[in-house]
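Please look through the sequence and the model shown here, and keep both in view while reading the report that follows.

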Amino acid sequence: PRLCHGADIKYVTNYNPYVEDLIGDGMVTDRAKFALTVGFGDCPSIVLFDGTSGALALIHVGWRGIAGGIVEKAVGTMMSFGGQRHRIQAFIGPGVRKCCYELDPVTASKVDGMAHQGHVHVDLQFIIGMRLVVSGVLAENIKAEEKCTCCATTVDKQGVKKPIYFSYRREKSLDPLNTNMLVVSFY
């Protein structure tokens, strides 16, 4: 989809080659052998799957989406396909971690519902996980990528330290040819 950094979720029923036709931050389908994809720089994405109902969702989750209730909407949408909250498997994909994600106090309070004095480091993955649990997803059914898109590195064969993920925060640019992509499907 063409991301709008909000809380809109679209039901996807067929292949859509034109990004302009699919605007939003979440997709859900009940079609087997159908892939959902999302590109991202630092905002985590969530994969939700219920193997019994066949519902699959891929949600891009930034602070605006969290504040707009996209996590809760995604779980609710899974229920509309006959899903059951306790059967949903969730994966919180790569994203910027608390070590590299700082918000002003007003924005931070929109995300976590708490009052803050000054800038604060925010743990989006923790907040997403808590919102999933409050929505009825079992904690043991939630997995998350631990590495930060902004600071996680690896060492190549020549001993050179390189980033694992693309990060908008680190690169300070948005290059459509250099981004992260999450693709999910079920058969």
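Leu48 touches Ala55, Leu56, Ala57, Ala74, Val75, Met78, Ile88, Gln89, Ala90 and Leu132, leaving aside residues up to four places away in sequence, where contact means heavy atoms within 4.5 Å. This is a predicted model, in which local features need pLDDT of at least 70 and side-chain atom pairs count only at pLDDT 80 or more, while totals for chains, interfaces and linings use all residues. Residues are numbered from 1 along each chain as its sequence is written, and side-chain values use heavy atoms, with hydrogens and water left out.

Leu48 lies in strand E4 (residues 45-50); helices (H or I, at least four residues) and strands (E, at least two) are DSSP runs, numbered from the N terminus. With a relative accessible area of 1%, Leu48 is buried, a word that stands for under 20% relative accessible area, with exposed over 50% and partly exposed in between (1.4 Å probe, protein chains only). The C-alpha atoms of Leu48 and Leu58, 10 residues apart along the chain, are separated by 6.5 Å.

| Helix | Buried residues | Packs against |
|---|---|---|
| H2 (residues 70-79) | Ile70, Val71, Ala74, Val75, Thr77, Met78 | E1 (9-11), E2 (26-29), E4, E5 (55-60), H1, H4 |
| H3 (residues 105-112) | Thr107, Ala108, Val111 | H1 (63-67), E7 (102-103), E8 (120-121), H4 |
| H4 (residues 124-134) | Leu124, Gln125, Ile127, Ile128, Gly129, Leu132 | E4, H1, H2, E6 (89-92), H3, E9 (142-144) |

The buried residues of H2, among them Val71 and Val75, fall within an arc of 160° when seen down the axis of H2, so they line one face of the helix; the arc is that of the directions from the helix axis to the C-beta atoms. An α-helix has 3.6 residues a turn, so residues three or four places apart point the same way.

How do the axes of H2 and H4 cross, and at roughly what angle? They come within 9 Å and cross at roughly 40°, as lines fitted to C-alpha atoms over the stretch in contact, with angles running from 0 to 180 degrees between N-to-C directions. H2 and H4 are therefore oblique to each other, since angles under 35 degrees count as roughly parallel, over 145 as roughly antiparallel, 65 to 115 as roughly perpendicular and the rest as oblique. Where the two helices meet, Val71, Glu72 and Val75 in H2 touch Ile128, Arg131 and Leu132 in H4. Just after H4, Gly136 takes a positive phi of about 105°.
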